Amino acid sequence: MARWRWVVLPLGLLVSLGALLLLADALLRLYTVLALLSPLLARATLGAIVVLGLASVGLGIYRLWPFLRPRRRRRHLPVPRHSGEAATVNLLAVQSQVEQIQDQVARQALQQKALDLQSDRNTRALTIAVFGVGSAGKTALVNGLLGQPVGEIGAAMGTTQVQHTYPWTIANSPRELQIIDTPGIAEVGIAGTEREAAARKTAAAADLIVFVVDDDLRQAEYVVLKTLLGLGKRLLLVLNKADRYVESDLEALLDRLRSRVVPPLSSDDVVAVAALPQPLPQMGGGWLQMQPNLLPLQTRLADLLRQEGETLIADNLLLQSQQIGEAARQLIDGQRQTQADAIIDRYQWLGAGAIAVTPLPGLDFLATAAINAQMVVELSQIYGCEVSLEEGKALALSVAKTLAGLGLVKGTLDLLALGLQTNLATVVAGRALKGASGAYLTRIAGKSFVEYFRQNQSWGDGGMGAVVEQQFRLNQRDAVMKAFIKEAVARVVPIA
């Protein structure tokens, strides 16, 4: 296409120049003839022709300008080379996004979270959350890793009721380390549910999760494990109380645990330990307390922290910045939706008033596209898009044709007729029906445009028809329709 442009452009310029020369020659001949009759008449005629010509050129430029003006190009940021760079780029994008939030309290809270992430990324300790059901042996495992009894252990679920954070050191670690002993999950009662929520929050913020089980995965454990992996969290799955199994059964259980996790963990990330082995009976009476066996976990943790320590922190920083960005996006979507609803509500009743005062034959909704064009422009401004009035007219006309082509104009008339006749006298309802139907169709069009702008000026894979039809179905819900008819009776009937 670019190759042909260089041929067509000079040819077009030559044709235009030839046309201008012919026009100039014709004007000169006309001026000469008129000058023989009256020089004043010749000058007046020539002046009028020039003014009309300039006006035509100006009108043409005005009409074509929306299609000729250059689009603002989005600035493409360089592709991050690793998760640390990605986290930095994402934090900058999040800070820009948060500034758009109008709620001052929410905006300041998210800004503070983003600043906290940015400020302590190079100095904060790497956090390891020990997580799992109550009585799986989490606190005993923490005691074993730290080499001292820092937490109470017991058989009853709920022994750890609040989380505890302990400093930890291993040789050659590039960062300070912290181990967090979390309350158990899947406990009964309101207090148990609250403790589980706190434990999940801690795990979601940790750099590494040690997920402790004492048997094959229970349903509650599997659901939480799948959720954490879905968040992108890095974790080790630790089978505690391994001393209860003979070697063959233990290997079979470890294989089952590995097969349960999708996507699968590395075989090195599923280990068996005995944080507090059961005492063994001795010959002649008494019991022998065996020493804890945490070596598989200690070895894996040491290797993992030395090889991936900085990556764990960068990945977690990226994940948390994405979560802040998602929270900001939801708040911005909410405030945009509120503003868009107010615009749609205003224009639907403006259109209804125009139709009710001057009823259009057969409710030609295409005629209201001019009114809806300004609605399109205002909606585009809310979503940060650039749409001119001419483009708004084209979009409004396209949606109007789609509504008619899908049979939704007639469907709207049928839908509203019964509701209005139930609330009003038949004669009054007949006069108000056209105005209310125009308002309802404007509402459907407006909701469709919102989806168009939310998807970055795209109608999606299904096209305009799918979006319009979906909005028509959504607004057919009983509660929505009753509220609309009630407002239509209050607004349109006095005009009709």
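Visitor: How much relative accessible area does Ser-135 have?
Guide: Happy to start there. Buried stands for under 20% relative accessible area and exposed for over 50%, with partly exposed in between (1.4 Å probe, protein chains only). Ser-135 is partly exposed, because its relative accessible area is 28%.

Visitor: What pLDDT do local features need in this predicted model?
Guide: Residues are numbered from 1 along each chain as its sequence is written, and side-chain values use heavy atoms, leaving out hydrogens and water. The model is predicted, so totals for chains, interfaces and linings use all residues, side-chain atom pairs count only at pLDDT 80 or more, and local features need a pLDDT of at least 70.

Visitor: Back to Ser-135: where does it lie?
Guide: Ser-135 is not a glycine, yet it has a positive phi of about 70°. Most residues other than glycine have a negative phi. With helices (H or I, at least four residues) and strands (E, at least two) taken as DSSP runs numbered from the N terminus, Ser-135 sits in the loop between strand S1 (126-132) and helix H5 (138-146).

Visitor: How many of the residues of H5 are buried?
Guide: The buried residues of H5 include Lys-138, Thr-139 and Asn-143 as well as Leu-145 and Leu-146. Just after H5, Gly-147 takes a positive phi of about 80°. H5 is largely enclosed by the rest of the structure, because the buried residues number 8 of 9.

Visitor: What is the relative accessibility of Lys-241?
Guide: Lys-241 is another residue other than glycine with a positive phi, near 65°. It is found in the loop between S5 and helix H8 (247-260). Lys-241 counts as partly exposed because its relative accessibility is 24%.

Visitor: Which side chain meets Arg-234 in a salt bridge?
Guide: Side chains of opposite charge can pair when their charged atoms come close. A salt bridge here is a side-chain nitrogen of Lys or Arg within 4 Å of a carboxyl oxygen of Asp or Glu. For Arg-234 the N to O distance is 3.4 Å, and the partner is Glu-308.

Visitor: How many residues apart are Arg-234 and Glu-308?
Guide: Arg-234 is in the loop between helix H7 (219-230) and strand S5 (235-239), and Glu-308 is in helix H9 (residues 295-357). Arg-234 is partly exposed at 21% relative accessibility, and Glu-308 is partly exposed with 24%. The pair links distant parts of the chain, with a separation of 74 residues.

Visitor: What separates Glu-326 and Arg-329 in helix H9?
Guide: Their side chains meet in a salt bridge at 2.6 Å, N to O. Glu-326 is partly exposed at 33%, and Arg-329 is partly exposed at 33%. Because they are 3 residues apart in helix H9, the separation is about one helical turn.

Visitor: Which residues do salt bridges that share partners join into one network?
Guide: Asp-333 and Arg-454 meet in a salt bridge at 4.0 Å, N to O. That pair links distant parts of the chain, 121 residues apart, with Asp-333 in helix H9 and Arg-454 in helix H13 (residues 426-454). The network joins Glu-326, Arg-329, Asp-333, Glu-451 and Arg-454.

Visitor: Of the residues of the chain, what percentage count as buried?
Guide: The chain has 15 helices and 8 strands, and its salt bridges come to 19. Taking contact as heavy atoms within 4.5 Å, residues 24 or more positions apart account for 72% of the contacts with a separation of 6 or more. Of the 496 residues, the buried share is 41%.
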